Amino acid sequence: MFKDIVSNDLVKEFLQKELDFNRKAGTYLFYGVDNGLLKRFAKAFAKGLNCSELKNDFCGKCENCIRIESETHGDLEILEDPSGIKVDSIRALAYKDSITSYEGKNKIYIINNIEKMRKEAANALLKMIEEPNDGSFFILLSGSLNILPTIKSRSILINIKSQTKEDLEVSLDEYSFFQGKALEIEKFKERTDIDLEEVSSYENIGENLKKWLDTEDLIYKVEIYKNIRDFMNIREYLTLVDKSYFIEEILKNSGNREDIKLILDYSINLIDKKSKKLEEILEIKNIIKTPINLKNYLTIFFNKI
Ligand SMILES: [Zn+2]
C-alpha cells in the first residue's frame, strides 16, 4: 500500500486522488535524483491502476500487484536505458500498443531515463502521449526537468524527493556511503555481513567489478565503493603507475560508459564540497558525453582529481 513507502506524503496523496478520478488515460512525469525511488513510485502507481482488490490504493497481494512487482505483467512495459532510450525501442513500443489486447484494466508504460533521450526518440514518444489509446498510462521517469518542453507540457509533473536518513533510519555515515540511494540502503539494512568501515584496497576494484557484474550482490558493490574510497583517500601518494593500474583494472572489467559514470560520480562525491577543484572536476566529468576514448578520459580524470 502507498502508506508503506516512507516519505513523499503529498505525492502519495496526489496519486491516490488520481486513482479516484478514474481517468481513461494519462501521462505522468516523475522526476528526482534517486532513480530507484522513482521506479518504486512508478510501480506502486501502476499497481494502483490495476489492483483488483483496492480502489485508490494497491494491495500488493493480488495477481496483478504481484506480477507488476516482478515485472511479468502482460499489460506492463518497462523501457530503460541509462545511455538513452533509442528511437527504435519507442517505435516498437508504439507498434505493440497498437496491436496487443488487454490482460487487465490498464496498460502501463514505464519509460525510464527520459533526461538521456535524444530528440528523435523523444519526438516518437511525444506522438504516443499526444493521443493515447484509452486505458494507456505513461509513467515517465527523469533525473531532471531538463527535457523536451513538449513532453513536459503534456505530462503531470511529480517531484519525488529522495528519502532522508530519518526516513530510512540509518546514520549519516551510512546514508552518505550510499549517496542516499534508498534501494541500496534498504538492501544493506537486511544484511548483517556488510561492514562499511573496513578498508578495501583500490587494487581490488577490477575483481570486485567483475563479481558485481556477475552476481549483482550488494556486497560487491559496497566493495567497489570502498575501493574508490581507498583510492580517493590515498590518491596524493599514488604514483602514475599506481593510477594507471587502477584505470586498467576498471577498463578491463567494465567497458560500459554508464558503469564508469557511476564510478566517477562516486569519486566526485568524496571530494570536499568546499574544494575549489570541484568545479574544474565537474567540467572534466562532462567530457564523457563526447565520444572520447575511455582510457584517455579516465587518465585525465583520475590524475586531475
Ligand atoms: Zn492488488
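**Reading the model**

Mentor: Begin with Ser 7, which sits in the segment ahead of helix H1 (9-21). A helix here is a DSSP run of H or I with at least four residues, a strand is a run of E with at least two, and both are numbered from the N terminus. The model is predicted, so local features need pLDDT of at least 70 and side-chain atom pairs count only at pLDDT 80 or more, while totals for chains, interfaces and linings use all residues. Residues are numbered from 1 along each chain as its sequence is written, and side-chain values use heavy atoms, leaving out hydrogens and water.

Trainee: What is the phi of Ser 7 near, and is Ser 7 buried or exposed?

Mentor: Phi of Ser 7 is near 90°, a positive value in a residue that is not glycine. Ser 7 counts as buried because its relative accessibility is 9%.

Trainee: Which loop holds Gln 179?

Mentor: Gln 179 is in the loop between helix H8 (172-177) and helix H9 (182-190). Phi of Gln 179 is also positive, near 50°. With a relative accessible area of 28%, Gln 179 is partly exposed.

Trainee: How do I read the metal site, and which residues are the protein donors of the zinc ion?

Mentor: Donors are N, O and S atoms within 2.8 Å of the metal, or 3.2 Å for Na, K and Ca; water is not among the atoms, so sites may look incomplete. Here the SG atoms of Cys 51, Cys 59, Cys 62 and Cys 65 lie 2.3 to 2.4 Å from the zinc ion. Along the chain these donors follow the spacing C-x7-C-x2-C-x2-C.

Trainee: What is the geometry of the site?

Mentor: Four donors count as tetrahedral if all angles lie between 85 and 135 degrees. The angles at the zinc ion are 104 to 118°, and the site is tetrahedral.

Trainee: What does Lys 47 touch?

Mentor: Contact means heavy atoms within 4.5 Å. Leaving out residues up to four places away in sequence, Lys 47 touches Phe 58, Cys 65, Ile 68 and Glu 69. Lys 47 is in helix H2 (residues 35-50) and is buried, at 8% relative accessibility.

Trainee: Which helix holds Lys 285?

Mentor: Lys 285 lies in helix H14 (residues 277-285). Its contacts, again beyond four places in sequence, include Leu 264, Asp 265 and Tyr 297. Glu 280 is found in helix H14 too and is partly exposed, at 37% relative accessibility. From Glu 280 to Lys 304 there are 24 residues in sequence and 9.0 Å in space, C-alpha to C-alpha.

Trainee: Into which domains is the chain divided?

Mentor: Domain bounds come from an automatic or database domain assignment. The chain is divided into domain 1 (2-159) and domain 2 (191-304). Their centres, taken over C-alpha atoms, are 33 Å apart.

Conventions
Tetrahedral: all angles 85-135°; square planar, octahedral: opposite > 155°, others 65-115°. Buried < 20%, exposed > 50% of the residue type's maximum accessible area, 1.4 Å probe, protein only.
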